[in-house]
Amino acid sequence: MPEIAKSVNDLFLNPRTYDPSHFDAETARLLRATIDYFEGVGKTELLRRDHNAVWVTDYLDFVKREKLFSTFLTRADYADGDDNRRWDTSRNAALSEIFGFYGLAYWYAEQVTILGLGPIWMSDNDEAKKKAAQQLADGGVMAFGLSERAHGADVYSTDMLLTPNEDGGFTANGTKYYIGNGNVAGMVSVFGRRTDIDGPEGYVFFVADSQRPDYHLIDNVTHGQMYVSTFALENYAVTEADILHTGPQAFAAALNTVNIGKFNLCSGSVGMVEHSFYEAITHAHNRILYGNPVTDFSHVRGNFVEAFARIAAMKLFSNRAIDYFRSASLEDRRYLLFNPMTKSKVTSEGEKVMTLLLDVVAAKGYEKYTYFHQANHYVGWLPRLEGTVHVNVSQILKFMPNYFF
Ligand SMILES: Cc1cc2nc3c(=O)[nH]c(=O)nc-3n(C[C@H](O)[C@H](O)[C@H](O)COP(=O)(O)OP(=O)(O)OC[C@H]3O[C@@H](n4cnc5c(N)ncnc54)[C@H](O)[C@@H]3O)c2cc1C
């Protein structure tokens with residue numbers, strides 16, 4: 001199991017004492033550099049950017065400068081022999097905890113890059129994989145175009161339609177909705193279906209380029225730093241080189257990407273509640289009511305103890321899940337149970353923690369000068385963001401008998 005703390009005092013991420021020395025040198029350097037980047041920007045500016053819904057350009061410049069996503073998200077066999085560039089769930093989780101600690105928008109820009117890479121890395125399309133590795137090296141981000149406005153979780157009903165043409169390619173027409181990074185991604189992995197074949201054989205996963213004129217960016221459907229786009233492909237020419245998967249394999253790639261790629265919901269949630277815990281306990285301890293610190297109230301202590309225990313459990317469970325991801329194989333599929341647990345249950349615990357802390361800090365939790373109010377606004381997005389609680393719970397029910405019996 002990955003080490004998460006040397007003592008109970010550093011069980012939670014602490015920017016001052018953060019010590020990732022259990023990772024290799026370059027991973028440790030980058031994790032530390034990420035914290036230093038956010039600390040350098042400073043809380044006041046981070047909050048201002050959140051309030052003003054500033055797109056995360058500055059952060060993406062840092063990512064590019066440090067080759068952060070290139071190092072953490074490239075498939076090892078496309079890394080030109082560079083041992084630092086590889087996919088490793090344990091360090092990806094550590095990174096997403098840091099992102100959650102500083103702001104959901106940073107977490108999300110990486111998260112949807114991970115999702116966009118899923119169908120690419122899982123494909124047999126060597127050209128697309130080389131292109132993705134190069135774009136990551138150049139500081140690019142990716143996007144995952146599965147959802148549509150009318151269909152929600154029912155991806156079978158996709159209205160992204162591909163009409164075959166004579167040269168083995170297609171002309172794509174359709175609109176996607178809720179697609180993170182759809183404003184800038186060099187490679188948007190898009191799910192659609194052929195007009196000439198019904199049923200699972202007709203599914204196609206292909207890559208679109210958000211900068212092409214036949215890719216129409218319509219809007220950001222949310223207000224915030226995250227760009228959750230809706231875009232339309234209008235007579236978009238899809239060549240053979242753009243095709244990642246066809247038939248049932250395309251559908252499997254969508255599900256596998258969601259399975260593996262959304263794992264970081266749990267560590268993002270952990271980072272958010274850790275930061276909020278610090279703010280809450282600092283405020284409560286310094287606030288004097290009737291001559292005593294608020295932390296003297298027994299019910300306040302009770303809330304902190306419960307919040308602490310829940311965060312510790314969130315972390316421990318998520319770390320166990322990392323093991324199952326790293327050991328996953330056709331024979332070892334424990335991750336299929338632990339993954340929906342992290343996505344729905346760990347993130348739901350994050351919501352409970354915020355409620356416990358909010359009951360302590362009360363009005364302070366709504367002040368615009370706190371990270372707390374931002375985390376409180378976003379913490380509920382995590383269980384619902386990408387795959388809903390019900391869908392994940394039904395997966396838990398499906399895999400639990402196999403795990404236990
Ligand atoms: C901020 C944000 C960012 C997102 N980013 C992306 C992205 O980058 N790319 C992308 O492709 N998508 C993205 N999504 C979309 C996300 O994947 C969808 O929210 C998800 O597919 C579910 O769709 P829905 O929210 O419309 O809910 P619906 O599918 O409409 O669900 C409605 C209700 O039905 C229930 N339900 C649905 N199916 C089942 C089932 N099989 N069993 C039991 N209950 C069920 C749900 O639990 C829910 O309560 C994003 C969403 C948000 C909010």
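Is F277 buried or exposed? F277 is buried, at a relative accessible area of 7%. The model is predicted.

**An aromatic pair between helices**

Across the whole structure, a search finds 34 aromatic pairs. One of them joins F277 and F304, whose ring centres are 5.5 Å apart. Their planes stand at 75°, over the 60 degrees needed, so the pair is edge-to-face. F277 belongs to helix 9 (residues 265-286) and F304 to helix 10 (residues 298-326). The pair therefore ties together parts that are 27 residues apart in sequence. F304 is buried as well, with a relative accessible area of 6%.

**Charges over rings**

Two arginines lie over aromatic faces, as the table shows.

| Arginine | Ring | Distance from ring centre |
|---|---|---|
| R91 | F72 | 4.5 Å |
| R212 | Y236 | 3.8 Å |

Strand 5 covers residues 203-208. Six of its six residues are buried, so strand 5 is largely enclosed by the rest of the structure. In a regular strand the side chains alternate between the two faces of the sheet. Here, Y203, F205 and V207 point one way, while V204, F206 and A208 point the other way. Residues on both sides are buried.

Strand 5 pairs with strand 4 (residues 187-194). The two run antiparallel and are joined by six bridges. Within this pairing, V204 of strand 5 stands opposite G192. Strand 5 also pairs with strand 8 (residues 243-246). That pairing is antiparallel too, with three bridges. There, F205 has H245 of strand 8 as its bridge partner.

**Helix 11**

Helix 11 has 27 residues, 335-361. How far apart are its end C-alpha atoms? They are 37 Å apart. At 1.5 Å a residue, the helix should span 39 Å, so the two values agree. Of its 27 residues, 21 are buried, so helix 11 is largely enclosed by the rest of the structure. Just after the helix comes A362, which takes a positive phi of about 50°.

**In brief**

F277 and F304 are both buried. Strand 5 is largely enclosed, and helix 11 is largely enclosed.

Note on methods
Residues numbered from 1 in each chain as written. Predicted model: local features only at pLDDT ≥ 70, side-chain atom pairs only at ≥ 80, totals over all residues. Heavy atoms only, no water. Helix = DSSP H or I, 4+ residues; strand = E, 2+ residues; numbered from the N terminus. Expected span 1.5 Å × (residues − 1). Buried < 20%, exposed > 50% of the residue type's maximum accessible area, 1.4 Å probe, protein only. Pairing = 2+ DSSP bridges. Phe/Tyr/Trp six-rings, centres within 6.5 Å; stacked < 30°, edge-to-face > 60°. Lys NZ or Arg CZ within 6 Å of the ring centre and 35° of its normal.
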